[in-house]
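Please read the numbered points below with the sequence and the model open beside you. They go from the chain as a whole to single residues, and each point can be followed in the viewer.

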Amino acid sequence: MESLAAGIPEHDETAPDHGEDLPLDSDGMAGVLFELLPIAELHLHIEGTLQPELIFALAARNGMDLPYTDLDELRALYQFTDLQSFLDLYYANMAVLQTEEDFADMTRAYLERAAAAGVRHAEIMFDPQAHLSRGVALETCVNGVASVLATSMEDFGVSTMLIAAFLRDLSEESALEVFDNLMAMNAPLGAIGLDSAEVGNPPAKFERLFAKARDAGLRLTAHAGEEGPAAYIIEALDILGVERIDHGIRCMDDPDLVERLVDERIPLTVCPLSNVRLRAVDTLADHPLPAMLAAGLNVSVHSDDPAYFGGYVDDNFAHLRAAVGLSEFDAARLAANSIHSSFASEERKAELLAELNGREIQHQ
Ligand SMILES: [Zn+2]
């Protein structure tokens with residue numbers, strides 16, 4: 001046993017070789033329970049936490065008919081071929097979110113589940129344009145989510161930040177208009193992000209939006225290098241000025257970029273189960289995460305849209321342990337990275353790091 005108080009090493013020499021698929025039990029899990037580590041969840045879309053059961057419950061409450069007769073029929077649709085096939089179902093299911101109460105119930109369900117997964121700080125994205133386009137007012141989604149985040153520490157022991165994510169397949173004019181409206185209503189935002197269909201929608205399209213958000217004192221993050229090329233990561237850094245990259249796995253195609261990301265300690269919020277479900281990688285055993293860790297990149301592991309991609313942050317860790325032999329020591333390093341890479345206050349980061357360093361980690 002070794003305490004993490006000694007610090008997180010750059011590379012765990014004793015970690016097992018990666019790439020071996022370990023047998024999974026009937027639940028698809030490793031069959032071994034690992035201690036949950038305190039984690040900062042930095043890549044999470046609240047609309048992607050809408051579980052099938054809640055979709056049916058909200059539809060019933062709102063008197064809506066769903067195009068699925070039962071849970072099994074809905075679940076059968078979760079076999080995605082690419083990002084777009086997921087987005088089609090994701091946007092269709094959002095139709096059940098009609099009232100502030102709906103948004104609050106979804107947020108509460110997520111925080112309860114996240115707390116059970118070890119999440120102690122969560123930076124939660126929402127897609128205002130996806131709700132506006134179907135006639136739901138900005139106040140409805142913002143107030144619904146924010147009302148739950150306001151007391152998340154007391155209710156769930158999870159500190160939180162709200163991130164408005166903009167849909168990159170829409171115009172920058174649309175994003176600017178929504179951003180101005182969010183500012184006008186004093187939406188309690190900590191940051192902005194950029195998400196949805198990546199290919200063909202380069203970060204540079206949103207240069208003015210990000211400049212405006214920076215001037216407003218907001219933190220900046222953007223999805224880049226998930227399905228899109230490594231060049232999009234460079235654009236997000238150099239043209240948008242983001243502090244963090246969501247996904248970023250395609251950086252591995254560009255050794256010069258990897259070197260830069262390592263030198264500048266740029267956080268990459270990697271979502272392994274999402275990458276497999278959306279076919280960005282073939283299987284978890286093929287995932288670049290071990291290579292990214294070995295390269296010294298500042299990576300952390302997150303759940304993206306957990307209701308759609310087979311699991312929450314604890315599930316991602318459990319599957320990584322089974323599929324790539326992720327050691328407890330690397331898991332602790334990923335947890336530490338998540339805390340360092342968060343937009344939490346220095347005081348909150350110190351609290352969470354102290355909690356992490358207090359854990360006795362099994363050195364495999
Ligand atoms: Zn995402």
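Predicted model: local features only at pLDDT ≥ 70, side-chain atom pairs only at ≥ 80, totals over all residues.

1. Helices here are DSSP runs of H or I with at least four residues, numbered from the N terminus.

2. Among the contacts with a separation of 6 or more, 78% are accounted for by residues 24 or more positions apart.

3. The largest nonpolar core has 108 residues, and V145 and I163 are those with the most contacts inside it. If residues up to four places away in sequence are not counted, V145 touches I46, F103, T107, F126 and L162.

4. Leaving aside neighbours within four places in sequence, F103 is in contact with L97, T140, C141, G144 and V145. For C141 the two separations can be set side by side: F103 and C141 are 38 residues apart in sequence, and their C-alpha atoms are 6.0 Å apart in space.

5. How do helix α16 and helix α17 pack, and at what angle? Helix α16 (residues 328–340) and helix α17 (residues 346–357) pack at an angle of about 170°, with their axes 9 Å apart. The two helices are therefore roughly antiparallel, since angles over 145 degrees count as such. On the side of α16 the contact is made by A332, A335, A336, I339 and H340, and on the side of α17 by K349, L352, L353 and L356. By class, this contact has 7 nonpolar, 1 polar and 1 charged residues.

6. L352, which takes part in that contact, is buried, with 22 other C-beta atoms within 10 Å. L352 and I339 are 13 residues apart in sequence, while from C-alpha to C-alpha they are 7.0 Å apart in space. When residues up to four places away in sequence are not counted, L352 touches I339 and also P38, A40, R120 and H121.

7. The UniProt record, in an unreviewed entry, lists E226 under "active site", and such annotations may be inferred rather than shown by experiment. In the model, E226 is found in the loop between β6 (219–224) and α10 (230–240). Is E226 buried or exposed? E226 counts as buried because there are 24 C-beta neighbours inside 10 Å. Not counting residues up to four places away in sequence, E226 touches E198, H247, I249 and A280.

8. One of the residues that E226 touches, H247, lies in strand β7 (residues 244–247) and counts as buried, with 27 C-beta neighbours inside 10 Å. H247 has a positive phi of about 80° although it is not a glycine. R279 has a positive phi too, of about 65°, and is not a glycine. R279 is found in the loop between α12 (272–277) and α13 (289–294), and R279 counts as partly exposed because there are 14 C-beta neighbours inside 10 Å.

9. The loop between β9 (298–301) and α14 (306–309) holds S303, and D305 lies in the loop between β9 and α14 as well. S303 counts as buried, with 31 C-beta neighbours inside 10 Å. Leaving out residues up to four places away in sequence, S303 touches E41, L44, C271, G311, Y312, V313 and N316. S303 and E41 are 262 residues apart in sequence, yet 7.7 Å apart in space from C-alpha to C-alpha.

10. For D305, the UniProt record, again an unreviewed entry, places the feature "binding site" at this position. D305 counts as buried because there are 22 C-beta neighbours inside 10 Å. The residues that D305 touches, not counting those up to four places away in sequence, are H45, G48, Y90 and S274.

Notes: Residues numbered from 1 in each chain as written. Buried ≥ 20, exposed ≤ 12 C-beta atoms within 10 Å, placed from the backbone. Core = buried A, V, L, I, M, F, W, Y, C linked by C-beta atoms within 7 Å. Contact = placed C-beta atoms within 7 Å. Axes fitted to C-alpha atoms, helices over the stretch in contact; angles between N-to-C directions. Parallel < 35°, antiparallel > 145°, perpendicular 65-115°, else oblique. Nonpolar A, V, L, I, M, F, W, Y, C, P; charged D, E, K, R; others polar.
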